[in-house]
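Subject: Structure handover

Hello,

Here is the structure I said I would pass on. My notes follow below it.

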Amino acid sequence: MFDIIIVSIPYIEYSAPPAAPAILKGYLNKLGINSTTRELNIEFRNQLADPDIIGELIGYWTRIVNTLAPHSHDLYHSLMDRYAKELCAVSARWIGLSVFSGDSHVFVLDFLPYLTKYLPADGKILLGGHGLTIEFLESAGPYIDAYIQGEGELALRELLLGNFDYPGINSNGKQIDDLDQLGYSDYSDYNLDAGYDTWYDGGIMIPITGSRGCVRDCSFCDVGSIWDRYKYRSGLSVATEIIHNHKTLGFKNFYFTDSLINGNVKELINMMKHLTEYRVRTGADIKWGGQWIVRSQRGLPKDYYPLIKSSGGFNITMGVETGSDSVRAHMKKHFTNKDLDDEMEQFSRHRISCGFFMILGYPTETEEDFNDTLRMFSRYTKYVADGTIIGLAIGRGYSHIPGSPMAKDTTLVSFVTPNNRKKWKSNDSNYLENIRRRLIAQKLLNNLEWPASNVEYELRPVLRNAEFLFDENDRPLIDELLSIKNTDVNTTLLSPTRPTDVELEISFEGSKSIDWPMIDIQINNTWYRNIEVQDNQTFKYIVTDKRTRNLIKITLTNKGPHDTLVENGEIVADKFVKLLEFKIDGVRVDADQLYLQGRVKCDGQRIKQNGLYKNSTYTFYFENPVHKFFIKQRRYYFKDKMQHTKFLLETVSSLFDDFINKDTIAVQTPVVV
């Protein structure tokens, strides 16, 4: 008999197996308490199968819509009845529902009557998770026997041992100081082939937790109200768990659930050193990513970015939020555009991929602030082109999250309709302006071919709620706050189809013996001869005779028989040239991403290397040297969704333009396919 079955429930995004049940099971099993888990969130999606019904249910669970179509309603309730019967058939003293967020409230309140219908006489129901609120618990109270509020591991242990007086059981919990004591997550009950929408290539993404809390107190975030302090595991503990899961279960892709993984740089470096050593020793292709705060370069060690790369750092997701320093300062992000520029250049140089979290239409965002963000998108397209930026998610301008500093600030926004927090306004923006800016930004992003964002997630609710959102009573908001009465993109921000000329930037490392190496560079039919390369140097060239396929040859010309100096059988000095870096119109490219075909000829034989050590020639080609034409079709680019996204974008834009440009408003919600 199990002491407890811990159940993950809808709705949680389908990108990875939910972490909470696996974390709790790992800790309980370490103590000898018998537990098992069930992953209903993904099971519901897979049983429903029909994307339209899934989308309808997600809208219902997240309160975008209040009712379901008859067929969806019947299927939904049939599945709840079936799963309640299956859970109650498990021999367990407790059934614990993991309430991840407010997006699970609707499901729980629908599901609890089915659970109580089949619950054995001696069975008990427990609720836990960050989604517990006072109002929700009041509604769920008649169906449950206990709830755990706050960090659950220690409280759950005590509850299962019969100690109901422990902090967190039917009360506010206390924060756990020593996270290393909790041990490893256990995903052995999950069906890891269930089809999670991972953005990693080559395998499922496994959540891992390295810290709780945050070192920031951003205006729109409620993490500070959940955890009083920032607590972290040791870097050794985290690395050991990752290595353990790789050795025993073959997992190689990990994503941190932390609010930020570089809150403690010292322990992050410690983790990265252990992972690097393991990867080098075993050849393990471990990758890890997570949420990241941009920091100033001051104080970071020289090996910081090389360690991120060598340890498997991948898809670092950064809360950039805006291109405006003033808006970001109001958010209390504590970094500047200069800090971000420095970080992006380091990520690009070391081939570390990242994604951006953005917020458009923030309450203090002026039109000029918004244009700063658009200019940032245009400026950073080179990082999309070189594969550094691989994802983008854009959030709402204002989201009333109880516990966040912004929700507590009664002077920041007011509500157009009392008690309706979706219809908000501030001195500089409102919910309609938020939609307008979102549409403009997406048009620009589509033109620049940025990786697809969550535009469909945002625009579909706009269509479903068109009559609610585009109301003739809101005309004063339009007249007062919308200085531009359309959703057109400023053409100066759009990328050209082709540049007139091409700028090449080539960086070399030269090493001397008797004298410095000399190279000749041929670019198409133009020659640059007798170039001396001393240490690290960068040369720039303008290609005016560009072709569809452009040729570059680099030849080492003055390597003599006495330039390799050997003492006691070892080379002590040698004349050579290495190609360190290559940019086309500012885009950093290499052999994996460029449409480059590089080869070195040495003594008549072709070899793979980036250095010229003898009288050898390095030859390669590049095509179409424009930012957007370098972007490769990656799995995480979601190209298959772009056509549908385009339809939604055009439909919402037309609806919005009609509203703000017509004196008579007659809104009809279009059919959503």
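What share of the contacts in the chain between residues at least 6 apart in sequence join residues at least 24 apart? The share is 76%, where contact means heavy atoms within 4.5 Å.

First, the conventions. This is a predicted model, in which local features need pLDDT of at least 70 and side-chain atom pairs count only at pLDDT 80 or more, while totals for chains, interfaces and linings use all residues. Residues are numbered from 1 along each chain as its sequence is written, and side-chain values use heavy atoms, with hydrogens and water left out.

Whole chain

The secondary structure comes to 22 helices and 28 strands. These are DSSP runs numbered from the N terminus, with helices being H or I of at least four residues and strands being E of at least two. Of the 673 residues, 54% count as buried. Buried means under 20% relative accessible area, exposed means over 50%, and partly exposed lies in between (1.4 Å probe, protein chains only). The chain exposes about 29,900 Å², and carbon and sulfur atoms supply 49% of that area. Accessible areas come from the Shrake-Rupley method with a 1.4 Å probe, and for residues only the protein chains shown count as cover.

The five-stranded sheet

An open sheet of five strands has the order E2-E1-E3-E4-E5, with parallel pairing. E2 and strand E5 (146-148) stand at its edges with a single partner strand each, so one side of each has no neighbour in the sheet. Neighbouring strands are turned by 25° against each other on average, direction ignored. Two strands pair if DSSP finds at least two bridges between them; E1 and E2 pair in the parallel sense over five bridges. Ile 5 has Thr 36 in E2 as its bridge partner.

H5 lies across E3 and strand E4 (124-128) and runs at about 170° to E3. Helix H7 (residues 153-160) lies across E1, E3, E4 and E5, running at about 140° to E1. For these angles, axes are lines fitted to C-alpha atoms, for helices over the stretch in contact, and angles run from 0 to 180 degrees between N-to-C directions.

Helix H4 (residues 70-89) has 20 residues, which at 1.5 Å a residue should span 28 Å; its end C-alpha atoms are 29 Å apart, which agrees. The expected span is 1.5 Å times one less than the number of residues. The buried residues of H4 are Ser 72, Tyr 76, Leu 79, Met 80, Asp 81, Tyr 83, Ala 84, Leu 87 and Cys 88. An α-helix has 3.6 residues a turn, so residues three or four places apart point the same way. The cover over the buried residues of H4 includes strand E1 (2-8), strand E2 (35-39), helix H2 (40-48), helix H3 (51-61), strand E3 (92-98) and H5.

His 105 is found in helix H5 (residues 105-118). His 105 is buried, at a relative accessible area of 7%. Setting aside neighbours within four places in sequence, His 105 is in contact with Arg 63, Val 99, Gly 131, Thr 133 and Phe 136.

Strand E20

Six of the eight residues of strand E20 (residues 549-556) are buried, so E20 is largely enclosed by the rest of the structure. Strand E17 (residues 518-523) pairs with E20 in the antiparallel sense over five bridges, and Ile 519 stands opposite Leu 556 in E20.

Cysteines

A disulfide is a pair of cysteine sulfur atoms within 2.5 Å. By this rule the count comes to zero disulfides. Cys 214 is in no disulfide, and the nearest cysteine sulfur, that of Cys 218, is 6.1 Å away. The closest cysteine sulfur to that of Cys 221 is also in Cys 218, at 6.3 Å, too far for a bond. Cys 214 is partly exposed at 26% relative accessibility, and Cys 221 is partly exposed at 25%.

Backbone points to check against the model

- The peptide bond from Pro 10 to Tyr 11 is cis, with omega near 0°. Tyr 11 is in the loop between E1 and helix H1 (19-30).
- Ala 49 is in the loop between H2 and H3, and its phi is near 65°, a positive value in a residue other than glycine. Ala 49 is exposed, with a relative accessible area of 54%.
- Asn 524 is in the loop between E17 and strand E18 (526-532), and its phi is near 55°, a positive value in a residue other than glycine. Asn 524 is buried, with a relative accessible area of 1%.

Regards
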